[in-house]
Amino acid sequence: MPRWITGSLIVMTVLSNARALGNEPYRTPPAGIVRVLEAAPTPMVSIDPTRSVMLLVDRVNLPPIADLARPMLRLAGERIDPSTNGPHGPRRFSGYTIKRLADGAETRVKLPADADVSMPSWSPDGTRFAFQVTKPDGIELWVGDATTGQARALTGPRLNAVGGAAARWMPDSQRLLCLLVPEKRGPAPQAPSAPAGPVVQESSGLAAQVRTYQDLLVDVHSEALYEYYSTSVPAVVDASTGKASVLGAPGLYSQVSPSPDGRFLLVTRTVRPFSYVVPAGLFPEVVEVWDAATGKVVRELARVPLREDIPIQGVQKGPRSHQWRDLPGPAGGDAGSTLVWAEALDEGDPRKKVPHRDRLLMLDAPFTGEAREVMKLEHRYRGMQWTDDRGFAFVSEFDRDRRWSRTWLANIDSPTDVAHRVIWDLSVNDRYNNPGSPVTRRLPSGRSVVRVTEGTILLSGQGATPEGDRPFLDRMNLADGSTKRLWRCEGENLESVVDTLRDDGSVFITMHQSPSDVPNYYVRDLGLGSRRALTEFTDPVPELRRIRKELVKYERDDGVELSATMYTPPDYDAKRDGPLPMLVWAYPLEYNDPATAGQVSGSPHTFTRLGGSSHLFLLLAGYAVMDGATMPVVGSPENMNDTFVEQASAAAKAAIDKAVEMGVADRHRVAVGGHSYGAFMTANLLAHTDLFRGGIARSGAYNRTLTPFGFQGERRTYWEATDTYTKLSPFTVANKVNEPILLIHGMLDSNPGTFPIQSERLYAAIKGHGGTARYVQLPFEDHGYAAKESVMHVLAEMVAWLDRHVKGASTGER
């Protein structure tokens, strides 16, 4: 008998249905799972702009629950650690090693013991890297030397990182633009001993169909706390001496970005009035241009009002998405500081019928004239990438009705000389025809632009095919759109392009992996036909190589093609061991047409990793896992959810039929599971079908009346599609959930729509009808689960639940 069978017989305490449950000690899963879970993760990699060295970034595996239990303020959509004036959360990274690409020599960066560091940020010239070090009383700015590995603090614990990264390099590579906690700020506002009055909100006719955001402001005191901890002062810090030069007055700065020539700053400030129904990102803002030397306002670009009234799947009225032009215009000089932004022509409402939805505008330094319109777009503006061929940029727009993407090669400076041309025009779901992404290069200013070489660009893509991903590197002729394939991944492995080392694409860095080979980085030279290893990461858990996986394809009864990755436990042999209990794990996605819905995603040739609270750990408990089983919902974006249940049910039946046909699964011992929208799917399948013995639903939403202004791709409100919202709510059919369901939810879930009350109310409804359910609430956890104790407990719960209700179930008809 294989070891995975005997190991799975470890039985955890079974609790009587009649017993009222409260706090329990954290549980531990079987020893084989614990051993894999505690294995050290391989480092992350960051390559410098000159492609000379890489930083190996040490990751912290499974931080303790004590990290999450630190004091937290939940204010305006932010989660703040008041002792550090930064984001609340566990330690993620602990150290760095510099590795030279030429000869592989390594230098360890000297840091304090048990350092809590951020991902590094490279200076534009690649000689130094900046990073944040979080200490108990605040966050410091440090800088490291890319040659020697010497690192030192530039500031004390003064960074204000409430919004995330609090420092970025100036274009000269000698200074950093930072947000600092104001000096002599004083103590934090104290909560009043008694309220001064009620909390009042009032609506006066303005439609505000907002999502169900969490961690919002709730009263005057929370407003004061938000303002206190989010207020910062911009400053320029010398990377050699640490001297800080303050620019401007204290304020609520959400963006401070230097122009490519370093002469100006693009500044966005949040201003009152605040809101109790939307997060800080939708509060009123003032967008300005400052002089980078003096901090004086050069020009106010926009004054954006409170954005509670943005339509479903719409954008704000007026100007938005201000950004610097990455490369100087043809005039040179002041054109090195040019701003670009979009402006809605339909008042941001996608339901309005207009010939053009957006336009792009530009304004050159010294910012005294009027902005000029450079392009109108039929559909919604999605982004811009400048090229190093001066004046040309790739501009993308999105057709909401068709879920379609169109990309233009736009001659921004001289459109009358060379007209804008469509380069790519395809469904956003069309993986097979995705051309890839243009390869960029870093400018001396630190900004990235698409590299153009003799009228051609390089494209790097995942190369989705019916057999799985086949990453590639192409050269595209911009004049006629033709492409030439330079390289393509072949064989039973997955190798993808990370960066190019030569303009012609003949030498590039890849990351290679296979089911038996841990991911490592290599340099490929097409001229020499060689591949040289840059890293030599080793397999932390070689016993997992005995797991087998296979890409399987099958059809739904309406002809829609489906796929999944079938995993089987270590040493499993179908002829010897027979059909297994199986878990189907899925996440529904929406499509306009069956052709793209049936396209295969991912690769069967990846290195098998098990980490966090992954459902794949069930492999070590004797289960087959049908992972990523496609559950497409196909139809018009206006009403596709009307048939969600029918389509998901048909896809689930097809998945089980395929697994049984393969001889892997026992039809009568199959469970279904999912996270977030996958949990919503799971509860629906248990309510509307009898396909499964049980299910696992993690961090889901089950009552759509609590998300009345849309969810996922749903465009209608509850009042426009009451029947659909009701039908799709597992809560309303909780009396039909007649298979055991395990509900797991982080008690501090911040994801819009998945309030913990969603699981609480579904559990109460199932229990009220005599159903079999277990509800696990994870203290201090968010939408995903981070702490070691939580992850261990989740895996223990999943194994115990399936062992009890699925593995041991009768193999006969129910």
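Biologist: Is Tyr725 buried or exposed?
Modeller: This is a predicted model, where local features need pLDDT of at least 70, side-chain atom pairs count only at pLDDT 80 or more, and totals for chains, interfaces and linings use all residues. Residues are numbered from 1 along each chain as its sequence is written, and side-chain values use heavy atoms, leaving out hydrogens and water. Buried means under 20% relative accessible area, exposed over 50%, partly exposed in between (1.4 Å probe, protein chains only). Tyr725 has 0% relative accessibility, so the answer is buried.

Biologist: Which kind of aromatic pair do Tyr718 and Tyr725 form?
Modeller: Rings of Phe, Tyr and Trp (its six-membered ring) pair if their centres lie within 6.5 Å; planes under 30 degrees apart count as stacked, over 60 as edge-to-face and the rest as tilted. Here the centres are 5.8 Å apart and the planes sit at 85°, which makes the pair edge-to-face.

Biologist: And how do α7 and α8 pack, at what angle?
Modeller: Helices are DSSP runs (H or I, at least four residues), numbered from the N terminus. Axes are lines fitted to C-alpha atoms over the stretch in contact, with angles from 0 to 180 degrees between N-to-C directions. The axes of α7 (residues 644–661) and α8 (residues 677–688) are 10 Å apart, and the angle is about 85°.

Biologist: Which residue does the side chain of Thr407 make a polar contact with?
Modeller: Thr407 is itself buried, at 8% relative accessibility. A polar contact is a pair of N or O atoms within 3.5 Å; within protein, one must be able to donate a hydrogen and the other to accept it, and residues adjacent in sequence count only if both atoms are side-chain atoms. At 3.1 Å, the partner is the side chain of Ser396.

Technical notes. Helices (H or I, at least four residues) and strands (E, at least two) are DSSP runs, numbered from the N terminus.
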